[in-house]
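Me: I'd like to learn how to read domains, chain contacts and helix packing in a model like this one. Could you walk me through it?

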Amino acid sequence: MALSITEVARLGALARISLTDAELEHLAPQLDLILEAVAEVAKVADPDIPPTSHALPLVNVFREDEVRPSLTNAQVLSAAPAVEDERFRVPRILGEEE
Amino acid sequence: MSEEIMDYAEAMASFDPVLGLEVHVELNTATKMFCGCVNQFGSAPNSNTCPVCLGLPGALPAVNAKAIESAIRIGLALNCEISGWCRFARKNYFYPDMTKNFQTSQYDEPIAFDGYVELEVEGEPFRIPIERAHMEEDAGKLVHVGGATGRIQGADYSLVDYNRAGTPLIEIVTKPVYGTGAKAPQVAKAYVAFLRDMLRDLGVSDVRMEQGSLRCDANVSLMPKGASELGIRSETKNVNSLRSIEQALNYEIRRQAAILASGGKVKQETRHWHEEGYTSPGRSKETAEDYRYFPEPDLVPIAPSREWVDELRATIPSPPDVRRQELQARWGFSELELRDAVNAGALGVIEATVAQGCPPQAARKWWLTELARRANEAHLELDELPITPAQVAELQQLVQAGTINDTIARKVIDAVLAGEGDPAQLVETRQLATVSDDDALSDAVERAIAQNADAAQKIRDGKVQAVGALIGAVMRESKGKADAAKVRELIMARLG
């Protein structure tokens, strides 16, 4: 199940984390260990045991379409590192060729 | 900026286009998909947000029952199967428009699947196979600041408004659409127009393309004539008017044809449509694998009962084309009159006005002339004008009863649109009722004859057409309130 350096680099790119070659070399085996540990579960999983996505056997838990108060704009923006024009100000988005 | 393109007819001589259309519809529920924040366009930035739609740690989503109901009704109107059991999934990606770093979306278990839509283009029938209609949530809105174009390229930074984050969305996806030939762009346009009308009839969305509540991604690929293997497709985003859908596909077909004819390979990519009439490459798409979908642990599965689905099935109106034929027959409209009403998006308001007792032809006349002109000037849809079908019906009643004439009616429309009151009340308080009282009119006629001696003499000499000048004078004096037929009668009695 060895995770390749290329795969880890791709995951890093998807998570918008820039990783040096040294970091990739360092992290790939660590991630491998984690995957191996999780793979233990596969040993007890039988084909007749369906994968579980929810612990409780519930369906159709709905909310009525009724408006509830939102937060105020000031509350929403109070923890933002940067604000402009009542909006969250974020760094420019890199790696998009558009 | 634009690339080499082939003549359309030449492209059609060598290739068959295959379409794939993805339409996103924002539902018009009162609240968002997973929280009680109001679902509204145009509010102050970040004012319709809460811990759930901001993705704050620990906040838990709760599914909007109305959104599920709308999704099922849309599925039924698309002739789809409705799933007996399905789940939401997390679609993971990192982008500032989504604070949670995942979009809650259905993936391999859509609520509706395997349907079709039937439509006609220039009398030729087409059947559009529907792969699925699934539920998801919309993302926040980014404004890119700096750079020359206001687009992401060259921007210094971006501003985010999360009001739209969590808006319930239905994504309707077609299977590959074969056999449309040279009409492919028109079929795509007709399909989206059909969806728009159908969704409006269902009452589940505002379907305003210019506000983004109906958005279309248009995929197209080309197969060499006689081939059976699908070509490589491009996906054009940002096509947000019916006209653009047709133009963007026309352009993409010609662009791909030029590449293929010169022995090149079409690149599978996202492209952006520019209103100037061309597409340009966008970001290379993450693949489904990159999104690392997995079932949403915070939401339990949806399992609509057969009874519920059957109950909803009974609420599905006839398809738009069938409904149009029914209305045309009921209203006695000609083909042209009906088409004009459809193109103006006026069927709904005419129907509502007729329901208030207005004759169909009169309802058509008001909405398609006076009101259409004012809507156009104000850049509004007809049903966004601040006048109700009931007020239009009331106005028509006043005209029919002879209380006011068309000229005064237009003034009443202006006053109603300015929010000054209802038609009958305005006519009453402003004394706009037509003057047909003989004494009052006779005096005005006498004055008009005295002031227009030439015209009066011509009428005495038998040149009856000169009467117009005298009627005009009386109408001016009465500020349009005189009953013109009555005035004519009085003048002819006096001079004829």
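Reply: Gladly; we will go from domains to the chain contact, then to sheets and helix pairs. Keep in mind throughout that this is a predicted model.

Me: Let's begin with the layout. Into which domains is chain B divided?

Reply: The domain assignment gives three stretches of chain B: domain 1 covers 8–307, domain 2 covers 318–429 and domain 3 covers 438–495. Taken over C-alpha atoms, the centres of domain 1 of chain B and domain 2 of chain B are 34 Å apart. Their contact draws on 5 residues from domain 1 of chain B and 4 residues from domain 2 of chain B. On the domain 1 side of chain B, the residues touching domain 2 of chain B comprise 2 nonpolar, no polar and 3 charged.

Me: Now the two chains. How many residues of chain B are in contact with chain A, and which element of chain B gives the most?

Reply: The general idea comes first: an interface's size is often quoted as the accessible area lost when the parts come together. Here we can count residues instead: 45 residues of chain B are in contact with 35 residues of chain A. On the chain B side, the elements giving two or more residues are β2 (63–64), α2 (65–77) and β9 (157–161) of chain B. The biggest giver is β9(B), with 5 residues. By class, the chain B side that touches chain A holds 25 nonpolar, 12 polar and 8 charged residues.

Me: Which strands pair with β6 within chain B?

Reply: One is strand β3 (residues 81–82) of chain B, joined by 2 bridges to strand β6 (residues 112–121) of chain B in the antiparallel sense. Here B:Ile82 faces B:Ala112 of β6(B). Another is strand β7 (residues 124–137) of chain B, which is antiparallel to β6(B) over 9 bridges. The hairpin of β6(B) and β7(B) has 2 residues between the strands, and B:Glu122 takes a positive phi near 50°.

Me: On to helices. At what angle do α14 and α16 of chain B pack?

Reply: Two numbers describe a packed helix pair: the angle between the axes and the distance between them. For helix α14 (residues 438–451) of chain B and helix α16 (residues 467–477) of chain B, the angle is about 125° and the axes are 9 Å apart. That angle makes α14(B) oblique to α16(B), and their crossing is right-handed. From α14(B), B:Ala444, B:Val445, B:Ala448, B:Ile449 and B:Gln451 meet B:Leu470, B:Ala473, B:Val474 and B:Glu477 of α16(B). This contact has 7 nonpolar, 1 polar and 1 charged residues.

Me: How does α14(B) pack with α17(B)?

Reply: Helix α17 (residues 484–495) of chain B packs with α14(B) at an angle of about 60°, with axes 10 Å apart. The two are therefore oblique to each other, and α14(B) passes α17(B) in a right-handed crossing. The α14(B) side consists of B:Leu441, B:Ser442, B:Val445 and B:Ile449, and the α17(B) side of B:Lys486, B:Val487, B:Leu490, B:Ile491 and B:Arg494. Their classes are 6 nonpolar, 1 polar and 2 charged.

Me: One last pair, please: at what angle do α8 and α11 of chain B pack?

Reply: Helix α8 (residues 347–355) of chain B meets helix α11 (residues 389–400) of chain B at about 55°, with their axes 8 Å apart. This makes α8(B) oblique to α11(B). In the contact, B:Val349, B:Ala352 and B:Thr353 of α8(B) meet B:Pro389, B:Val392 and B:Ala393 of α11(B), a set with 5 nonpolar, 1 polar and no charged residues.

Terms used: Residues numbered from 1 in each chain as written. Chains lettered and ligands numbered in written order. Predicted model: local features only at pLDDT ≥ 70, side-chain atom pairs only at ≥ 80, totals over all residues. Domains from an automatic or database assignment. Contact = placed C-beta atoms within 7 Å. Nonpolar A, V, L, I, M, F, W, Y, C, P; charged D, E, K, R; others polar. Axes fitted to C-alpha atoms, helices over the stretch in contact; angles between N-to-C directions. Helix = DSSP H or I, 4+ residues; strand = E, 2+ residues; numbered from the N terminus. Parallel < 35°, antiparallel > 145°, perpendicular 65-115°, else oblique. Left-handed = near helix turned anticlockwise from the far one by under 90°. Pairing = 2+ DSSP bridges.
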